[in-house]
Amino acid sequence: MIIPKADFVSVRAPKVLVPGDIVKVIRHSGLYSHFGVYVGRGRIIHYTAPDSDFGGKETPSVKLTSFKEFLKDDQTCEIYRFTKEDWETWLDAIVRFCEA
């Protein structure tokens, strides 16, 4: 299985993102990582709730938010970019895992 290379990007440079990039931020000094998928025009889809990443009083769901809102107070993020071949390899591996 191919493991993609991670690039670190400053929040002041969101122009380097392309749709399909996986964006990772570290929350609460390393307590957990939060992930989203960049979908273009400064937007991210991710699993979250209005008051926290975990849910709190409201049920979490998949949300479309701005890149800035997704980052919250984080100053950097980690970007995972996949080539078409990477996606095909990963998807094949996931399907084989689920069929096993």
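A nonpolar surface patch of about 450 Å² is formed by Val39, Ile45, Tyr47, Val62 and Leu64. Such patches are made of residues with over 30% relative accessible area and no salt bridge, with like charges joined within 9 Å and nonpolar side chains (Val, Leu, Ile, Met, Phe, Trp, Tyr) joined within 5 Å. Areas of this kind come from the Shrake-Rupley method with a 1.4 Å probe, and for residues only the protein chains shown count as cover. Strand E4 and strand E5 (61–66) each supply at least two residues of the patch. Val62 has its place in strand E5, and it counts as exposed because its relative accessibility is 59%. Here exposed means over 50% relative accessible area, buried under 20%, and partly exposed in between, with a 1.4 Å probe and protein chains only.

The model is a predicted one, in which local features need pLDDT of at least 70 and side-chain atom pairs count only at pLDDT 80 or more, while totals for chains, interfaces and linings use all residues. Residues are numbered from 1 along each chain as its sequence is written, and side-chain values use heavy atoms, with hydrogens and water left out. The mean pLDDT of the protein, where pLDDT is the predictor's confidence in each residue from 0 to 100, is 77, and 77% of the residues reach 70 or more. Confidence is lowest in strand E1 (residues 6–10), with a mean of 56, and highest in strand E4 (residues 43–48), with 90.

The protein's secondary structure consists of two helices and six strands. These elements are DSSP runs numbered from the N terminus, helices (H or I) having at least four residues and strands (E) at least two. Along the sequence they follow the pattern β-β-β-β-β-α-β-α. Of the 100 residues of the protein, 33% count as buried. The accessible surface comes to about 7000 Å², and 60% of it belongs to carbon and sulfur atoms. Among contacts with a separation of 6 or more, 49% are accounted for by residues 24 or more positions apart, a contact being heavy atoms within 4.5 Å.

The pairing of strands can be followed from E2. Two strands pair if DSSP finds at least two bridges between them. E2 and strand E3 (residues 32–40) pair in the antiparallel sense over six bridges, and Ile22 has Val37 in E3 as its bridge partner. Four residues lie between the strands of this hairpin, in which His28 takes a positive phi near 50°. E2 also pairs with E6, again in the antiparallel sense, over three bridges; Val23 has Ile79 in E6 as its bridge partner. Because five of the six residues of E2 are buried, this strand is largely enclosed by the rest of the structure.

E3 in turn runs antiparallel to E4, to which it is joined by three bridges. Val37 has Ile45 in E4 as its bridge partner, and Ile45 is also one of the residues of the nonpolar patch. The hairpin of E3 and E4 has two residues between the strands. Arg41 is located in the loop between E3 and E4 and has a positive phi of about 50° although it is not a glycine. Most residues other than glycine have a negative phi. Arg41 is exposed, with a relative accessible area of 73%.

The structure also holds two salt bridges, each defined as a side-chain nitrogen of Lys or Arg within 4 Å of a carboxyl oxygen of Asp or Glu. Side chains of opposite charge can pair when their charged atoms come close. Arg81 counts as partly exposed because its relative accessibility is 37%, whereas Asp21, at 1%, counts as buried.

Glu78 forms a salt bridge with Lys24, the closest N and O atoms lying 3.8 Å apart. Here too the pair links distant parts of the chain, with Glu78 in strand E6 and Lys24 in strand E2, 54 residues apart. Glu78 counts as buried at 12% relative accessibility, and Lys24 counts as buried at 17%.
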